[in-house]
Amino acid sequence: MSFLEEFNSRDRSDLRQVAECRDADAIRRLLASEKIPEGPETFALLISPAAAGFIEEIAARAADLTARRHGKVIRFYAPLYVSNECTNTCTYCGFTMENKIERKTLGGSEMRAEAEHLSRRGFRHVLIVAGEQQKIVTPEYVASMVRETKGLFSSTSIELAPFRTQDYELLVRDGVDGLTVYQETYDREVYAKVHLRGKKRDFDWRLACAERGAEAKMRRISIGVLLGLAPDWKADVLACATHLEYLMKRWWRVQYSVSVPRLCSSETDYQPAVEVSDREVVQLIFAWRLAFPDAGINLSTREPAYLRDGLIGLGVTHMSAESATEPGGYCSPEAALKQFDITDERKLDEIAAIVKAKGCEPVYKDWEPCLIG
Amino acid sequence: MDDFLVIAGRRLRSRFFVGTGKFPSNAAMLAAIEASGAEIVTVALRRLDLGKERGENITDALDPEKYLVLANTSGAADAHEAVTIAHLAHAAGMPKWIKLEIHPDPRWLLPDPIETLKAAEILVKEGFVVMPYINADPVLAKRLEEVGCACVMPLGAPIGCNQGIQTREMIKIIIEQSRVPVVIDAGLGAPSHAAEAMELGADAVLVNTALAAARDPAAMGRAFALAVEAGRLGRRAGLAGKSASAHASSPLTSFLKG
């Protein structure tokens, strides 16, 4: 059974109910177990109001599990935007087609310059990002951009429009080892309301994307929801937890991570349907850690510095830094082209120093490209 | 509360499978199976004389309406032999279900992972419902699941040793990761072992020696059946934990404002 079939047939209302738990004893029992059961049930319990009252105890478990399963380390990566061209109308995104911003797609020499800049700053892991313009940002274009960076990075992931399995196979052959694809929201109604035009309207195509990546032998896959897009963010993350559970069991060779992005201000005047507080995000990160100890957790520069610093060692495994969210933004920053405003603008070295001060190791290289291909 | 185990679309009320070897008599075997409430009964094809008339083989006394009698490939030393046994069993009118066991080693009867995976792939393609007996190896379990096995049957300890679940930590990983039912097979020597397997989250257990070698096989069959049910109920009721949670010496979340 594909995840799409499971998603369509599974009633998640029982999980949603658990996420409203107010019984402190249920949390005490969970925390008393030597080994906390993994999976969506535990996840639901840990995002409940009852669990909010145990945030310190939960943080201690999260710290312990993170150290044991992932090490006392933070892995750094940088996004590399190659294009802000987009044929979608997504009401919340700075790249939305209606937005009259200047559009730009990197050519080979520009790509090389951006990559060299990041490499000089110390980054070895990059995430190639683009808007969804299927005629411009084709798999072949992306493959040629990856080839431009040859020798500079040890791990290259992509966050682009969902492609076909054979496209991912092509990219894997050219050195891409990771795929990031957020469903944004698992609520079909909200999804239809915020994705007004373009290929991205196809909910099912996007939902099956992670599996296509796994089939094409991507080594790392990252999924997530955009918090604040759907009014019921808990229902959204619960659906995401069932997605992760499915992927981990069905495509068990892949290393998974989750992200917890909150809607940021962008060039659109979109207002989040719900405000997810810092405290809620922290509780959510701990829930991911305890319910899915093997999953990585990414925390981007969308989040404020104090929160990122506070979470070092408590669950987060991957952080971006110094991010530019416009194509060409590292060599020649132009605010007008941005997808969204980042919040933590500190330099990589500065963040790395804090990671060290917290007793963790900043890690820049954690993959060797000769392992694939 | 219905709690069926579903294997290859077949709904089973009993989570206790019984093997038919080593019993002191057919009558003792039948009494033990009857008392166990088992619905799946396995028999070594090599024990059957396919040339014999109906009524003369040990399985003939088992009502096919009541029991799903499966052949196992016990005796096979490699994939080729196991596939041949499966073909024979099917040709002899047995259901197209096969308990795949390949043990080239006559001393411990430990399963050969490489030959098992090879045979499973062939038999699944031929349309068999394949139930492989394996060592408690989580990666092998996933590989067998991928080729289409209907369940996996990791051992608790070597066949016939009655030592209980010696592979506990690996069994836990198999259960946590599996998308097909996990049946603990081999090594379960006492009803408490079966209860433990079910408490760990196994979907079913298979027992043979512990019944066959008991002073009273029928009573032991009943004891195991109760233990399986108790373990299953305990698992579903949500076991309370043993150790207390960790306590941080200084607050970890004080960075949160407000």
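B:Ile184 stands opposite B:Val205, a residue of strand 10 of chain B. The model is a predicted one, in which local features need pLDDT of at least 70, side-chain atom pairs count only at pLDDT 80 or more, and totals for chains, interfaces and linings use all residues. Residues are numbered from 1 along each chain as its sequence is written, while chains are lettered from A and ligands numbered from 1 in the order in which they are written.

Strand 10 (residues 204–207) pairs with strand 9 of chain B in the parallel sense over three bridges, where pairing requires that DSSP finds at least two bridges between two strands; strands are DSSP runs of E with at least two residues, and helices runs of H or I with at least four, numbered from the N terminus. Three bridges also join strand 10 to strand 3 (residues 16–19) of chain B, again in parallel, and B:Phe17 has B:Leu206 as its bridge partner.

In a regular strand the side chains alternate between the two faces of the sheet. From strand 10 of chain B, B:Ala204 and B:Leu206 point one way and B:Val205 and B:Val207 the other, and all are buried (20 or more other C-beta atoms, placed from the backbone, lie within 10 Å of the residue's own).

Note on methods: Buried ≥ 20, exposed ≤ 12 C-beta atoms within 10 Å, placed from the backbone.
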